[in-house]
Amino acid sequence: EKYEKPAGCMDLTTTKSADYTAKPIAKQKSYKPNLKAERPKQLPQFEGETTTASFYKAYEACERQKMYSEHPVNLTLNTDKFEGVTTARHSYPAYRVNSRTLPIKPVENEFEKGLQFYGNTTNSDNYKGLPGVGLLQPVTNLPCYKPPTGEFYTETTSKAHYGNKAFSAVLRPQPIIPQEIRQPPAEFNGKTTNMETYPAHPPQERPKPREKEKYYKPTEKMDVTSVHRDIYKPHSVQRRRKLTPLEPTVRKNSA
């Protein structure tokens, strides 16, 4: 659409500027302190006492007491014996240590001096040796080894129980040729459960791709107006006026 310049004046007053109107403010006078006139000649005394110093006062230090006081003039000494035994010594007195005992040497008996020593043990008393069997003497001179001349018997218990048996030649199984092939009375049903549940369907021909239509250029004008433009129409906007701040004297007179 053709743009038409608005003829009215644009209202630039916002809600904030309408509620809170601007008020003139007088210019503040700069203040420069006069140090010579305002500063007192005699400054007050600085109080440098802290809270700790006010609570914990410093006291004068007294003279330290002597470690040993002087002996009094009228001192009477005790003549009794001083008992310097402590509680530990009183409870646990020291005992006299006896000398180590010397080894005891047996006294020889004249009666047992001539007896024969009995050296039999309990084992030798309980288990007597067989008659005619003496101790084996170690063999010093070994005889020369002579190999046996007889036949060696090599038959074991397993061979004696499980004897060898003659094996016949392996016969290969010959195919059985039936003399007469008999037809079954009923027709053989070779369909499985899977084949019956999901039967085979004949394949269908795949649809051919769609042919591209011929393009025709539109003759009517294209509507480019969107829904947003239909709802929110453009309004006329005036050019904003340039505002220049007034001088302080003019602002004061106008207020």
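**Reading pockets and salt bridges**

Q: How many residues in the lining of the second largest pocket are nonpolar, polar and charged?
A: The lining of the second largest pocket has four nonpolar residues, one polar and three charged (charged: Asp, Glu, Lys, Arg; nonpolar: Ala, Val, Leu, Ile, Met, Phe, Trp, Tyr, Cys, Pro; polar: the others, Gly among them). This is a predicted model, where local features need pLDDT of at least 70 and side-chain atom pairs 80 or more, while totals for chains, interfaces and linings use all residues. Residues are numbered from 1 along each chain as its sequence is written, and side-chain values use heavy atoms, without hydrogens and water.

Q: Which residues line the second largest pocket?
A: A pocket is an open set of 1 Å grid points that fit a 1.4 Å probe, with protein on both sides within 12 Å along at least five of seven lines; lining residues have an atom within 4 Å of a point. Here, Cys9, Met10 and Leu12 join Gln238, Arg239, Arg240, Arg241 and Leu243 in the lining.

Q: What volume does the largest pocket have?
A: The largest pocket comes to about 350 Å³. Among its 13 lining residues, Glu1, Lys2, Arg229, Lys233 and Pro234 are the closest to its centre. Its lining has six charged, four nonpolar and three polar residues.

Q: How many salt bridges are found in the whole structure?
A: Side chains of opposite charge can pair when their charged atoms come close. Two salt bridges are found (Lys or Arg side-chain nitrogen within 4 Å of an Asp or Glu carboxyl oxygen) in the whole structure. Lys57 pairs with Glu49, with closest N and O atoms 3.3 Å apart, and Arg210 meets Glu213 at 3.1 Å, N to O.

Q: Are Glu213 and Arg210 buried or exposed?
A: Both Glu213 and Arg210 are exposed (over 50% relative accessible area; buried is under 20%, partly exposed in between; 1.4 Å probe, protein chains only). Lys57 counts as partly exposed because its relative accessibility is 46%, and Glu49 is partly exposed at 44%.

Note on methods: Points joined across faces, edges and corners; volume = space filled by probe spheres on them.
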